[in-house]
Amino acid sequence: MARLGGLVRSLGIMGRSSVCKMTMSPISTVLKVGQLFAKPEASCLMARAGIHCSPVRRDLSEFFEVDKFRGEKTVRVGREWRKDELRLKSNTDLHKLWYILLKERNMLLTMQEAYKDEFIAMPNPERVDKVEMSMENLEEVVRERNKAFYQLEVGVSGERERVHRQDCFGRVVPYKKREHVMPYHMNTSYRQKLRFRFLNTGRADVLDFQARLREKMYASERGIENTQMRMAARVLRRFPHSDLAALQEKFPMVKMDRLLRWRKVVGEAGTSGTGWDV
């Protein structure tokens, strides 16, 4: 027994002294030695018991690229994940892929700042855009699945209801309803917030702002309409026998009767021979 205890102690000391050099942990070494010299019943129990170990903890090096990519001018990467590909994945795979993309985005953003500090161009900076597009597509696929589940089970979309209401300037703005801990009649601070954000008393300065806003929007629409008119006139001058229906679909804000009477289109010869019947 004394020799057995010395052997176990020597194996334990050897395992503790070579933690970084050996792949086998001292705990597993001691357990294996115990299995060799234990009774058959105990060995069977230990063989059936599962040993759960936490994953390896890595340091902050995961926020940086691997060594083989550092200093390279070009890093070969693929394209982003598409929606039709993500729809074939299970929820578990999408959950794992989301955290993989999240770690990749954090690494790329860290390397982007590191390259900026060194005044060096980052190789393949479009990788950040590809990762962000993949995350957006993944989030859209998850939203589609949530909508389908709620529509099947409850009959609603499951997303937060979005309504439109007037703000303090009289503009119609979107508003998302949300749950509050306190009821509306008891939540004084929230009522004060809504009062200054969505209460429109119709003062003189508010009416003046609304008039100026309408004038600005009208001028912007007229500018877009004139631009489309010039582009449509350019097409008709070059191709007099163009299809007006296709031209109307291409330039929806253009009034065709006004366009066909425009001097820049008809010129001095008029519309004879063009089939426009103006």
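V131 is found in helix 6, where helices (H or I, at least four residues) and strands (E, at least two) are DSSP runs numbered from the N terminus. V131 is buried, with a relative accessible area of 9%; buried means under 20% relative accessible area, exposed over 50%, and partly exposed in between (1.4 Å probe, protein chains only). This is a predicted model, in which local features need pLDDT of at least 70 and side-chain atom pairs count only at pLDDT 80 or more, while totals for chains, interfaces and linings use all residues. Residues are numbered from 1 along each chain as its sequence is written, and side-chain values use heavy atoms, with hydrogens and water left out.

**Surroundings of V131**

- Leaving aside residues up to four places away in sequence, V131 touches L101, E104, R105 and L108, a contact being heavy atoms within 4.5 Å.
- V131 and R105 are separated by 26 residues in sequence, whereas their C-alpha atoms are 6.4 Å apart in space.

- Helix 5 covers residues 91-117, and its 27 residues should span 39 Å at 1.5 Å a residue; the end C-alpha atoms are 39 Å apart, which agrees. The expected span is 1.5 Å times one less than the number of residues.
- F119 follows helix 5 and is found in the loop between helix 5 and helix 6.
- The phi of F119 is positive, near 60°, in a residue other than glycine.
- N124 is found in that loop between helix 5 and helix 6 as well, and has a positive phi of about 55° although it is not a glycine.
- As background, most residues other than glycine have a negative phi.
- F119 is exposed, with a relative accessible area of 78%, whereas N124 counts as buried at 16%.

**Helix 8**

- Buried positions in helix 8 are V206, Q210, E225, Q228, M229, A232, A233 and L236.

**Aromatic rings**

- Two aromatic pairs are found in a search of the whole structure. Rings of Phe, Tyr and Trp (its six-membered ring) pair if their centres lie within 6.5 Å; planes under 30 degrees apart count as stacked, over 60 as edge-to-face and the rest as tilted.
- F149 and Y150 form an edge-to-face pair, with 5.7 Å centre to centre and 80° between the planes. Y150 is partly exposed, at a relative accessible area of 35%.
- F169 and F209 form a tilted pair, with 5.1 Å centre to centre and 50° between the planes.
- F169 lies in the loop between strand 1 (162-166) and strand 2 (172-176), and F209 lies in helix 8 (residues 204-238), so this pair ties together parts that are 40 residues apart in sequence.
- F169 counts as partly exposed at 35% relative accessibility, and F209 is partly exposed at 31%.
- R165 lies over the face of Y175, at 5.0 Å from the ring centre. A charge sits over a ring if NZ of Lys or CZ of Arg is within 6 Å of the ring centre and within 35 degrees of the ring normal.

**Overall architecture**

- The secondary structure comprises eleven helices and two strands, in the sequence order α-α-α-α-α-α-β-β-α-α-α-α-α.
- Of the 278 residues in the protein, 19% are buried.
- Among contacts with a separation of 6 or more, 55% involve residues 24 or more positions apart.
- The protein exposes about 22,200 Å², of which carbon and sulfur atoms supply 56%; areas come from the Shrake-Rupley method with a 1.4 Å probe, and for residues only the protein chains shown count as cover.

**Confidence**

- The mean pLDDT is 76, and 73% of the residues reach 70 or more; pLDDT is the predictor's confidence in each residue, from 0 to 100.
- Among the elements, helix 2 (residues 26-37) has the lowest mean pLDDT (40) and helix 4 the highest (93).
- Over residues 1-52 the pLDDT is below 50, and this stretch has twelve contacts in the model beyond near neighbours in sequence.
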